Each structure stands twice: as structure tokens, then as C-alpha cells.
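Here are some notes for a colleague who is opening this entry for the first time. Please keep the model in view while reading them.

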Amino acid sequence: MVQTSHGTSGAVSGPALWFQRGASGLGQRLDALLLAEREQWPLWAPVALGAGIATWFCLPGPHLWLAAAAIAAGAALLCWRQEVAGRLLGWAGLLVAAGILLAWARGEAVRAPVFPLNGAAREVTGLVESRETLADGRDRLVVRVTAITRLKPDETPARVRLTSRKPLGETIERGARVRVKAWLQPPPGPAVPGGYDFGQRAWFEEIGGVGAIHCAVTVVSAPAPNTGVMDRIEAARDWLSERLRARIGGEAGGMAAALVTGDRSGIPEDVTQAMRDSGLAHLISISGLHIAMVTSIVFLLTRRLLALSAWLALRLPLKTFAALAAALAAIAYTLIAGSSVPTVRSCIATLIVLAGLLLGRQAISLRMVATGAGLILLFRPEALLSPSFQLSFAAVTGLVALYQSRFAERWLRRQEGDGRARRLLRWGAGLILSSLVAEAMLAPIAIHHFNQTGVYGVVANFIAIPLTSLVIMPGLMAAVLAESVGGIDWVTEVVRVGLDLVIALAREVSSWEGAVVRWHTPSNPAFGLMMFGLVWLCLWRTRLRLGGLLPMLAGVALAAMTPRPDLFVSQDGGMMAVRLEDGRMAFSTLRRGAFAREMWLEESGLDTTAMLPLADMAATPGLVQDCGEGVCRVALWQAGRWWSVVWLKDWFEAPALRRLCADNDIVIAPRRLPGWCAPKRLKLDAPARERLGATTLRFLDGGRLDVQGAETQRGRHPWAAAGR
């Protein structure tokens, strides 16, 4: 027996045996930790589903989508017969595979024609679905297309978005049938690799073309009477927005309309920027805070009013009636506010909260948040990539996790025997901690999408949130109700004063030194690691949550190491920019390409103060330029050597062009260059840019180039293939 035992152990003796025992012990400890977190397991379902959706958007083509789904499903089957950790990984693998297939199916389900030409003047006939007035006074129409001249029916986009060069006047209303001549093109792709992709958003909204209105819009027929429910709601939104802007007036009027109907067109750009820089931008984007305020007010008022009658209080379940009234208020507010993703998410969460109240269950919980996220991802998987979805769910997840923690139970919640001073202290501490947690959850998202985050948001929110909760939102509810009986001046005056205070607070805080931290765009892996680490910290309750620190710190380190591009080239080749040694950017032209310039500055973590004209850079370290009428020559000192770049603006005779091509590292031109034009490193002419799209370059050691193209990163997703 002894010999048999020795013989058996000899097969796995020494280091192998120690490793086997260590792995077994580690697995048992991990299973014990996971079993202690049994109640938290369902919270990871939308996370795994979202990971699959993100995988589909990140991978470039069908072969990799199928491979990823097969690998996830295969890993799930392999792990299925394991212990607790393996079983959970199996479920996660199945959900990841389901997320990939769900996003793929959604992308194909909304397939619609895209305008087939890169640019052409066409006459569009259709029905005005929406009209938006921009901050500069121009109008933007979304038209459901009936016909476009010289296009076959199977080539005609379902919708086009048209922007006017001047205000259109009051005659163009939603529902009107119009005829308009416009310059049309497919929805544009990113202005920088990995940047905001309007073409992707337009694909899911079935917008197949964008354009500029050339002349006056002809109204073929007036809008039909508002007979449908949604027509009536849209008409009510328009009427209410106009009434609020007119009665309250000024910047406060625009803010009031944004808080009630979600129409932010009346807010000046400088106010929007101040709100963003001060960390108060969430106040003008209707989401959980606003829905919670309205629902709470309706619930409390309904219950108190019904309780005034002793007969009703003794015979009816007042809490049930109050919850039903609050639910109707939440649904009505969601519809009036335009049913955006944050509003719908908040409405779903509110209804779950009210149902929990009626059933005697814990109303506000992470399961509620997970349910809301899961429902939205099932029906609109593309919402995962929107900043509004990420910001709203990240903030709510962090706040709910905070208030369900042991720390909150001991220090933030009201304890038996607390006096007034201690309750006030707990309330203040809770507000400060809530702001800190929200800022920590939102900072990676704000940096990834907007390349900046506010520093003093805690200070601004400490004042603005109570003011909004206790004065502005109740006042707006009273003002909306008062409009039905002719309006009450003192109510609108209270709201005006409150909104003016919030605007003044935003301007003051945003003007402080260091109020905004700007950062160049982190890579997708860095962003994913940071968010996974934060979610891990929020969803677990035992010491297992500490494991989230590792991916979070790894994501921060990876973001810090993400290099900035050295050279930017627009998709049409009509503009380029170089990054200087001091971090600023020099642009070949400041007369065109405003959107591309803004995107390039954001990508580099800069603002407009860092924007310079290349032609004025006479004596700059590491840069030599000679920009004339037809050509701009630039020499850059990067990666231990000089790089010569030529931007051709005009045609050149063959001998001169041959010399330019032979003597320079990079040649950029808006047109096609001859095949014999062979620069030392890279030729970015029309065919190359058609393949690459908007391009960024980094100069590497050894004379190497890192070339990134926006179109190559879009891969073979439906919106990318349709726009080519």
C-alpha cells in the first residue's frame, strides 16, 4: 500500500504537486468567496451581456464576430461542469455570446438605404419628423423621405437630416410635407480614428443622408391634425417649451425648458460649457435625479392630500393610490421629456421602485439598476456606447452601492437617538460622499468621450442639487400646472431666481483655476479596464470587491501611457495639423473644418487656446515650415530625426511634383497623385484616404510610422460598408 501510494504521488511529485495543491486551495477559497456573494450573482448578467455587445462593436468583421461568439459559447461549455467559479464563468460566456449575436441582429434589423453619392445636389420631398433650433439660430430638420430626385426607390434613404444656413421661420412645422433642394451626402464617419462616429448613430436611427439646405423650403401641405397619441405629445412638448421660454425668459427660460421637456436649444453655448466645466451638466440632462424628484413630490402630495380625509384614510390603501399616481407622473414626464435613454432608464427604475414599495421589498437596490440596464440592452443594444447610458448607469450604480455598504449603514443613515444636529451632519456628509462617488464613477467616461472632467463638481453639486430638489423642480411643476389656468407670476419668478443662481454658480465654479482637467483620449482597453474595475468594486459586497483595484489601476496606467498623435489629416485631405513640442497644435487652415479641428483638439486633450495657424509658426523649436499658396512644407523633429511633410494644395507640373515626392517622407494631397509619386514613407492622396478615412500618424524610432485610419477601425460594420 505504501509503495502504491508513493508510486501514485510520484506522477505529480515535487513542484507539480505543490502547484496542484495550491491551485486547489485557491479554487476552494475563491468558491467560498463567491458563495458568500450569492445574492450579487444576478447583477453581473447585464455586465456580461454588455461585454458581448461591446465585443461586436469593437471587432472589425463577421468572421471575428462568429469566432468570438463561438469561443465564448465553447468556454461556457468547458466551464459548465466545474465548481462555483467555473459555473459562473459558463453563464458569463453564454451571455457574452448572446450579446454579440444580439448586437449583430439589431444592426441588421435597422438596415436601410444610405445616400449612394459622396456629395450631390438633390431635391428632397418628405414629411418633417422633427425640427430643432440650434444655439446659433439655424434649424435642423429630420425628414422622412418620400422621394429624392434621380434616385431609385431602393436607393432612397428612409430619413435625411438637413441643416439650414439661416432660420427657417415659423411656417415649417412638424408633420408638414415639404420640398427642399439640399446638398446631400452619406452620414460622415469619425473625424479622428476612434472618435465620435455619427454614421454609426445615424444607422440605428435610420438616417441615410445628411445635408445643407440650399434655398427656401417649400411647404407642399400643412401638418395634418394631431390625431395620434405621439403627435399630441410632441405638440404638447413644443407648446410647453415655448411657453416656459417666453414666461421665464432669458437663459433661465432655456434651462426651464430643458428641465421639463428636454429641449436644450434655448440654452446658450457658454452656459452649456459652464455647466459642463463645473460638473453640473447632469442637471440639464433629464435622468434619474429629475424623475426621482417628480415622482417623490407626486407620491408625497397624493398621500398627504388623501390622508386629509379620515374616511378615505380608514378605508383605502393610500400608499397604493399614491404609488399609482407617482407611476403615472413618471410615465407622463418621460413622454414629455422626449423618451431619451437616460429618461427611459430612470422611468423603468422608478416603476420598479414603486412596485417594490407596494410589495414591501427593498425598493432602491442594485438589482433594480441591473434590471433597467438589462431591459434597455435587450431592446436597444446600441445604447451601450452612448455617453448618456454610461453616465447615468455608472452614477446610479456607484450611489446605490455606496448607500448599501456597511459604511453607509453606520455613518450616513439616520440612527436611533440622533438629534437634529447629528442628522444634519449625516445629511451633509452623505451629500459630499455621494458627489465624490459620482465623480469617481463618471470621470473615466467623461475623459473617454469628452476628454475632460470637472474638478470642483463636489462643491457645485453641494449647492445646486438641494436648490434644484427643493426649489426649482417643485417650482417648475407648479409653473406647468399653473399654465393650464393662465400662469402665476410669483411661481415663475421663484423658478427664474433659482435657475439664475444655478447658472451663476456654474459660471463661478468653472472660472476657478484648475476647474477642468483635460486629457487625451485613452485607448479602448484602458477605458474598459477602468470601468470593469469600478463595476467590480460596486457589485461585490465582501472583500472580494478589492480585486477591482487591480484592473482599475491597470486601466489608469494604460491610459497614462496612451500616446498622442503627432500629425492629423482630414478625410478629404483639405486640412492637416501637427503637434508641437509644447503640446499645442498648429493647423494648416483655420477657415474651414471647424468640427474636425474641435475633434482633433479633444483627441489631444486641448482646448481652443492651444490652436495656432501653421503659417504663423516662424520660429518654433522642432518645427520648420514654409507655407505658400500652392504647397505647405513642414519639417518636424520627432523620434530622434527630422520628418519632412508636404501638403499639396494645387496642381503641379510633373517635374516639380516628382521632386516633391522623391525628397519628402510624407506627401498629402486632396486629389489622386500619379503612381510614380513615391514618397520615402507615406503617400496620403485621395485613394489612400478613401481606404483609411481621417488619419493620424505617430513618428516612431528607427524611421517607422504608426498610421491609424478611421475607416479601417470602423471595420465591416453595416454603417461603414453602406457609407463607402
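1. Helices (H or I, at least four residues) and strands (E, at least two) are DSSP runs, numbered from the N terminus. Just after helix α9, G279 takes a positive phi of about 80 degrees. This is a predicted model, in which local features need pLDDT of at least 70 and side-chain atom pairs count only at pLDDT 80 or more, while totals for chains, interfaces and linings use all residues. Residues are numbered from 1 along each chain as its sequence is written, and side-chain values use heavy atoms, with hydrogens and water left out.

2. Helix α9 covers residues 269–277, and V271, T272, A274, M275 and D277 are buried there. Buried means under 20% relative accessible area, against over 50% for exposed and in between for partly exposed (1.4 Å probe, protein chains only). The buried residues of α9 pack against α8, β7 (452–454), α19 and β8 (516–518), where contact means heavy atoms within 4.5 Å.

3. Helix α8 (residues 250–261) has twelve residues, and from first C-alpha to last it reaches 17 Å, close to the expected 16 Å. The expected span is 1.5 Å times one less than the number of residues. Ten of the twelve residues of α8 are buried, so the helix is largely enclosed by the rest of the structure. Among them are A252, M255, L259 and T261. G262 follows α8 and has a positive phi, near 80 degrees.

4. Which residues line the second largest cavity? They are M255, L259, L283, T468, I472, L499 and V502. At least two lining residues come from each of α8, α18 (457–483) and α19 (489–510). The space in this cavity is about 40 Å³, and the structure holds four cavities of 30 Å³ or more. A cavity is a set of points, on a 1 Å grid over the protein atoms alone, where a 1.4 Å probe fits but cannot get out; lining residues have an atom within 4 Å of a point. Grid points are joined across faces, edges and corners, and the volume is the space filled by probe spheres set on the points.

5. Strand β3 (residues 159–163) has five of its five residues buried. R159, R161 and T163 lie on one side, with V160 and L162 on the other. In a regular strand the side chains alternate between the two faces of the sheet. Strand β2 (residues 139–148) runs antiparallel to β3 and is joined to it by five bridges; two strands pair if DSSP finds at least two bridges between them. V143 and V160 are bridge partners. β3 also pairs with β5 (residues 207–213), in the parallel sense and over five bridges, and there R159 has I207 as its partner.

6. An open sheet of six strands has the order β12-β11-β10-β9-β18-β19, with mixed pairing. Its edge strands, β12 (611–613) and β19 (704–709), each pair on one side only. The twist averages 25 degrees from one strand to the next; axes are lines fitted to C-alpha atoms, for helices over the stretch in contact, and angles run from 0 to 180 degrees between N-to-C directions. Helix α22 (residues 594–603) lies across β9, β10, β11 and β12, at about 165 degrees to β11.

7. Within that sheet, five of the six residues of β18 are buried. T696 is the bridge partner of F568 and stands opposite Q708 in β19. The hairpin of β18 and β19 has three residues between the strands, and G702 takes a positive phi near 75 degrees in it.

Note on methods:
1 Å grid on protein atoms, 1.4 Å probe; cavity = no way out; pocket = protein on both sides within 12 Å on 5 of 7 lines; lining within 4 Å.
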